[in-house]
Amino acid sequence: MKYCFYPGCSMEATAQANLKSIKAVAEALGMHLEEIPDWNCCGATVVSSVVGDFTQQVMAARNLAIAESMGLDVVVGCSSCYLSLAITNKRFKEDEHFRAVANEALAAGGLKYEGSLRVRQFLEVVINDAGLEKVAQMVKRPLDGLKVAGYVGCQTVRAIPYEFDDPEYPVFMDRLIEALGAAATEFPMKARCCGSSNALAATDIVVDSSRKIFASAAEGGAQVIATPCPMCQMNLDAYQQRVNQLHGTNYYIPVLFFTQLMAIAFDLSTDAWALDYCIVSPYNVLAPFTGGK
Amino acid sequence: MEQKNTLTEPVKYDLSFAREIYSLENGYYIKQCMQCGMCAVACSTREIMDYSPRQLFNLIKLGKKEEVLSANTFWYCTSCCTCKARCPRGVPLVDVMHDLKKYAIEQGYDQYPQAAFYKAFWAEVAGRGKVFEGGVTARYYLIRGLDEVKKALAMKDVGMNMLKHKRLPLLPPKKVRGLGDLKKIIHKAQELQRKEARA
Ligand code: SF4
Ligand code: SF4
């Protein structure tokens, strides 16, 4: 199985744990991820508010055009990048006029995109292409008894509703957690927003949104939160202490990428576990599964 | 006695403002809104918005330019897509919110800190082809000025924790090699976007 891989800006900075664990897990599952050469920022959900939807989507499409020349579907880890690339891709496929005008812009850089590719979330690729059975077979350190809140976040399942999971009651994450031997907890807020890119300009949004997510995770008895999204991971991890200070709460719930949990369960290298990057330390709660390394 | 619930004068609709908003990239979708209120119930940040998306769309229809452009609604929108996924009329609210942010910035209604963040983010992308957290932050404080820096100092524990856990690289990523071509593509896209808007 071969794919183009779009890492996105955050995986080079705040979410290196995501990059390391995705690469290692993919390799273990026999997937070959070929990084899109010289990829550029997809614009996330930010750039269109300054330069407009069209320009943002053309910018995102430069990556798709390069991938198309390699003839491989695009796999994305970051939820925001997934949203931006998947929506752009859908427009190229469905809107002929848009495709023509967008290609006029791409031509200024010597590129063209026909819309022949699929843009896919890594979580979906793991489940649909590798399959849960294969995942379960790969488990060497079952996460028995670990209670995990599967936090899909908002954009992963709502970018294109029903593209792969239910936008209101997503289950992919929970099934994956169970395949690793862990228990997926009751978690009604699993698809609620964490406050997204507001950490810098409007911290109150992030603090307030995260607070509700912690409350819901704690009520379900979660020991850790697992997510596919760099922004969710960042907000819930870096601002957990701040939530506690401001709201007099006492949450201590490590937040990991689901791929980090996979890397542990598959007994891959500690470099792939990438636990040092976690701000809320996961070492204690994961001790029963990380022994001997 | 003043009768508060009785209209003594007919409501004046300022259609020119509404028309201008409808002409934005996703603006025409607002006309499909049937004021059902689903978005208001669904919204992640409704509690801190001054007008819900539904109310904002109504204000647009009524031509209340000042209220609309000073509203915090679109700035507090996190692009979570919940409303877009649930709207029974298929209004892509997220994209409308992005259009409104862009329009507000152009009209000089950029006093919300989020506007500075968006501009800083774009400046990074335009100059490098990729986003560097440190660069966005520096640009953001340049736009916002000293007061905001004081607020940032109150948050320094968050930053220190991120540094400690290797989450904040001090050096920017390499520029996109094809930055020159990317710039040409963006330039052309902007030109075509303006042309399409007139068409
Ligand atoms: S959910 Fe859609 S139709 Fe209903 S009020 Fe909101 S925008 Fe209008
Ligand atoms: S996308 Fe924006 S307006 Fe819609 S529910 Fe989310 S925060 Fe509210």
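Which residues have the most contacts inside the largest nonpolar core? This is a predicted model, in which local features need pLDDT of at least 70 and side-chain atom pairs count only at pLDDT 80 or more, whereas totals for chains, interfaces and linings use all residues. Residues are numbered from 1 along each chain as its sequence is written, chains are lettered from A and ligands numbered from 1 in the order in which they are written, and side-chain values use heavy atoms, with hydrogens and water left out.

The largest nonpolar core has 148 residues, and those with the most contacts inside it are A:Leu29, A:Val74, A:Leu146, A:Met262 and A:Phe266. Helix H3 of chain A (residues 53-70) gives the most to this core, with 9 residues. A nonpolar core here is a set of buried Ala, Val, Leu, Ile, Met, Phe, Trp, Tyr and Cys residues joined through side-chain atoms within 4.5 Å, where buried means under 20% relative accessible area with a 1.4 Å probe and protein chains only. Leaving aside residues up to four places away in sequence, A:Leu146 touches several residues (contact means heavy atoms within 4.5 Å), including A:Ala182, A:Val224, A:Leu261 and A:Phe289.

Strand E1(A) runs parallel to strand E2(A) (residues 32-35), to which 4 bridges join it, and A:Phe5 stands opposite A:Glu35 in E2(A). Two strands count as paired if DSSP finds at least two bridges between them. With strand E3(A) (residues 74-76), E1(A) pairs in the parallel sense over 3 bridges, and the partner of A:Tyr6 there is A:Val76.

Elsewhere in chain A, an open sheet of 4 strands has the order E6-E5-E7-E8, with parallel pairing. Its edge strands are E6 (183-184) and E8 (255-257) of chain A, each pairing on one side only. Within this sheet, 3 bridges join E5(A) (residues 147-150) to E7(A) (residues 224-227), and A:Ala149 has A:Ile225 as its bridge partner.

The contact between the chains takes 64 residues from chain B and 65 residues from chain A. The area buried between them, that is, the accessible area (1.4 Å probe) lost on being put together, summed over both, is about 5,700 Å², of which carbon and sulfur atoms give 59%. B:Trp122, B:Arg167 and B:Ile185 supply 12% of the area that chain B buries against chain A, more than any other three residues.

Conventions
Buried < 20%, exposed > 50% of the residue type's maximum accessible area, 1.4 Å probe, protein only. Helix = DSSP H or I, 4+ residues; strand = E, 2+ residues; numbered from the N terminus. Buried area = accessible area lost by both parts, 1.4 Å probe.
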